[in-house]
Amino acid sequence: MNSVKKLTLLACALFVAASMAYAESCCVKAKAAGKDCDHKCCVEARKNKKTCDKCQADASCCDKAIAAGKACDHKCCVEATKNKKACEKCNPAKKEKK
Ligand SMILES: [Zn+2]
Ligand SMILES: [Zn+2]
Ligand SMILES: [Zn+2]
Ligand SMILES: [Zn+2]
């Protein structure tokens with residue numbers, strides 16, 4: 001077994017995962033579209049008035065508002081929602097590490 005190769009593969013996988021620039025969570029995206037996220041994990045989390053650990057690990061103000069069953073009342077977020085978008089200011093894409 002070539003363990004060096006295995007390690008390299010693992011490092012690569014981690015790097016890809018870390019550099020994947022995700023912006024808004026599925027829930028914020030769904031909210032922007034005027035729906036509730038229908039991921040099982042998110043539905044469950046919402047029931048408990050919590051953010052989904054899996055999808056909203058990096059909970060933004062909007063994620064927290066969704067968890068509380070409301071819409072985020074930040075001006076920028078309200079404005080973004082009006083345009084059926086998630087607020088880019090509060091749900092920024094993860095910065096790429098270089
Ligand atoms: Zn979700
Ligand atoms: Zn989830
Ligand atoms: Zn917000
Ligand atoms: Zn905002």
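Arg-46 is found in helix H3, which spans residues 40-47. The structure is a predicted model, and H3 is where confidence in the chain is highest, at a mean pLDDT of 97. Arg-46 is partly exposed, because 19 other C-beta atoms lie within 10 Å and a buried residue needs 20 or more. Its contacts, leaving aside residues up to four places away in sequence, are Ile-66 and Ala-67. Cys-27 is 19 residues from Arg-46 in sequence, and the two C-alpha atoms are 9.9 Å apart in space.

**The chain as a whole**

The chain holds 5 helices and 0 strands. Read from the N terminus, the order of elements is α-α-α-α-α. The chain has 98 residues, and 26% of them are buried. Consider contacts with a separation of 6 or more: 51% of these join residues 24 or more positions apart.

The average pLDDT is 86, and 84% of the residues score at least 70. Helix H1, residues 3-19, has the lowest confidence, with a mean of 64.

**The nonpolar core**

Which residues touch the most other members of the largest nonpolar core? They are Cys-27, Val-28, Cys-42, Cys-62 and Ala-86, in a core of 15 residues. Helices H2, H3, H4 and H5 each give two or more residues to this core. H2 gives the most, with 3 residues. In soluble globular proteins, nonpolar side chains tend to be buried together.

Val-28 shows how one core member is surrounded. Not counting residues up to four places away in sequence, Val-28 touches Ser-60, Cys-62, Asp-63, Ile-66, Ala-86 and Asn-91. Two of these partners, Cys-62 and Ala-86, are also on the list of core members that touch the most others.

**Two partly exposed helix residues**

Cys-26 is found in helix H2. Is Cys-26 buried, partly exposed or exposed? With 17 C-beta neighbours inside 10 Å, Cys-26 counts as partly exposed. Cys-26 touches Cys-37, His-39, Cys-42 and Cys-55, again without residues up to four places away in sequence. Asp-36 is 10 residues from Cys-26 along the chain, and their C-alpha atoms are separated by 9.3 Å.

Ala-65 is found in helix H4. It has 19 C-beta neighbours inside 10 Å, so Ala-65 counts as partly exposed. Beyond residues up to four places away, Ala-65 touches Lys-70, Ala-71 and Cys-72.

The C-alpha separations given so far are collected here.

| Residue pair | Separation in sequence | C-alpha distance |
|---|---|---|
| Arg-46 and Cys-27 | 19 residues | 9.9 Å |
| Cys-26 and Asp-36 | 10 residues | 9.3 Å |

**Helix H5 and its two sides**

H5 runs over residues 75-82, and Cys-77, Ala-80 and Thr-81 are buried in this helix. Why do the buried residues of H5 line one face of the helix? Seen down the axis, they fall within an arc of 100°, so they share one face. On the other side of H5, the exposed residues are Lys-75, Val-78, Glu-79 and Lys-82. The cover over the buried residues of H5 includes helix H2, residues 26-32, and helix H4, residues 61-67.

**Two lysines with positive phi**

Most residues other than glycine have a negative phi. Lys-49 is not a glycine, yet its phi is positive, about 55°. Lys-49 lies in the loop between H3 and H4. Lys-49 is exposed, because 10 other C-beta atoms lie within 10 Å and the limit for an exposed residue is 12 or fewer.

Where is Lys-84 found? Lys-84 is in the segment after H5. This residue is not a glycine either, and its phi is positive, about 55°. Lys-84 has 10 other C-beta atoms within 10 Å, so Lys-84 is exposed.

Terms used
Residues numbered from 1 in each chain as written. Chains lettered and ligands numbered in written order. Predicted model: local features only at pLDDT ≥ 70, side-chain atom pairs only at ≥ 80, totals over all residues. Helix = DSSP H or I, 4+ residues; strand = E, 2+ residues; numbered from the N terminus. Arc of directions from axis to C-beta. Contact = placed C-beta atoms within 7 Å. Core = buried A, V, L, I, M, F, W, Y, C linked by C-beta atoms within 7 Å. pLDDT = per-residue confidence, 0-100.
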